[in-house]
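User: I would like to go through this model and ask, for each label put on it, what the label rests on.

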Amino acid sequence: MNLKRPQEGQFQINSMSLRAHPEEFTKYYRMYITTFDELISLVRPYLPKVTNMRSPISEEGRLTITLRVIDVGSYGKESDCNAFKTSALGKKLNTNRTNFPANQYLPNYNLGVPQPFVLVVDEAFALHKNLLRPFPGRSLNGQRRIFNYRLSRARQYIECSFGIMSKKWIVFMFLVIPMSIF
């Protein structure tokens with residue numbers, strides 16, 4: 001299997017096919033072909049791999065694997081919930097070691113109970129005091145349906161905000177390698 005990888009591996013097949021269709025390439029890598037080529041030229045000096053046992057995976061192949069893992073935060077078959085649980089933030093959240101601010105009253109409403117700071121997630125995530133997720137199921141009463149709608153809108157605004165930031169500050173699309181200037 002490893003002997004056929006240079007000619008028949010997933011990267012070789014996909015990269016040739018994707019390069020022939022720039023729109024599909026952009027969807028897959030979340031960057032243009034020229035951006036990918038520029039990125040590989042920047043990181044190639046840091047990616048050499050020499051082995052006597054077998055031919056190594058190419059620099060482009062290793063960059064592709066890295067970009068795909070970064071894109072979803074984990075491997076493709078792992079759910080967002082499991083990827084989050086095993087992340088540094090997820091582990092801190094589950095052990096109550098996050099550095100969230102103390103509970104506070106909602107703005108312009110000092111009555112009631114101070115509320116915790118939360119992360120907005122989907123219903124695949126487990127219940128937690130710092131995770132705000134929709135009510136599960138389809139047969140919900142009016143209040144729960146409205147809550148789910150508003151929470152969905154909040155998630156849409158957050159996702160759009162990240163998209164806007166990525167476009168405005170294009171540095172989010174590049175691998176940043178700190179280098180000594182002295």
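User: How many helices and strands make up the secondary structure of the protein?

Analyst: The model is a predicted one, and its secondary structure comes to eight helices and two strands. Read from the N terminus on, the elements run α-α-α-α-α-α-α-β-β-α.

User: What makes the rings of F25 and F36 a pair, and why is the pair called edge-to-face?

Analyst: The structure holds three aromatic pairs. For F25 and F36 the ring centres are 5.8 Å apart, and a pair requires centres within 6.5 Å; the planes stand at 80°, and an angle over 60 degrees counts as edge-to-face, so the pair is given that name. F25 lies in helix α3 (residues 22-29) and F36 in helix α4 (residues 33-43), so the pair ties together parts that are 11 residues apart in sequence. F25 is buried, and F36 is buried as well.

User: How do you know that the buried residues of α4 line one face of the helix?

Analyst: In α4 the buried residues are I33, T35, F36, L39, I40 and V43. Seen down the axis of α4, these buried residues fall within an arc of 160°, so they line one face of the helix. As a general point, an α-helix has 3.6 residues a turn, so residues three or four places apart point the same way.

User: Why are F135 and F147 also described as edge-to-face, and which parts does this pair tie together?

Analyst: The centres of the F135 and F147 rings are 5.4 Å apart and their planes are at 65°; since edge-to-face applies to planes over 60 degrees apart, the pair is edge-to-face. F135 lies in the loop between β2 (131-132) and α8 (142-168), while F147 lies in helix α8, so the pair ties together parts that are 12 residues apart in sequence.

User: What makes F135 and F147 partly exposed?

Analyst: Partly exposed covers the range between the 20% limit for buried and the 50% limit for exposed. F135 has 30% relative accessibility and therefore counts as partly exposed, and F147, at 28%, therefore counts as partly exposed too.

User: Why is N148 called buried, and which residues does N148 touch?

Analyst: N148, placed in helix α8, has a relative accessible area of 15%, and buried means under 20%, so N148 is called buried. Leaving aside residues up to four places away in sequence, N148 touches P134, F135 and L140.

User: Why does V113 count as exposed while L106 is partly exposed?

Analyst: V113 is found in the loop between α7 and β1, and L106 lies in the loop between α7 (88-94) and β1 (119-120). At 60% relative accessibility V113 passes the limit of over 50% and so counts as exposed, whereas L106, with a relative accessible area of 49%, is therefore partly exposed. The C-alpha atoms of V113 and N103, which are 10 residues apart along the chain, are separated by 8.9 Å.

User: Which residues form the nonpolar patch on the surface?

Analyst: The patch is formed by L106, Y109 and L111, with about 340 Å² of accessible area together.

Key
Residues numbered from 1 in each chain as written. Predicted model: local features only at pLDDT ≥ 70, side-chain atom pairs only at ≥ 80, totals over all residues. Heavy atoms only, no water. Phe/Tyr/Trp six-rings, centres within 6.5 Å; stacked < 30°, edge-to-face > 60°. Helix = DSSP H or I, 4+ residues; strand = E, 2+ residues; numbered from the N terminus. Buried < 20%, exposed > 50% of the residue type's maximum accessible area, 1.4 Å probe, protein only. Patch = residues over 30% accessible without salt bridge, like charges linked within 9 Å, V, L, I, M, F, W, Y side chains within 5 Å. Areas by Shrake-Rupley, 256 points an atom, 1.4 Å probe, with all protein chains shown as cover. Salt bridge = Lys/Arg side-chain N within 4 Å of Asp/Glu carboxyl O. Arc of directions from axis to C-beta. Contact = heavy atoms within 4.5 Å.
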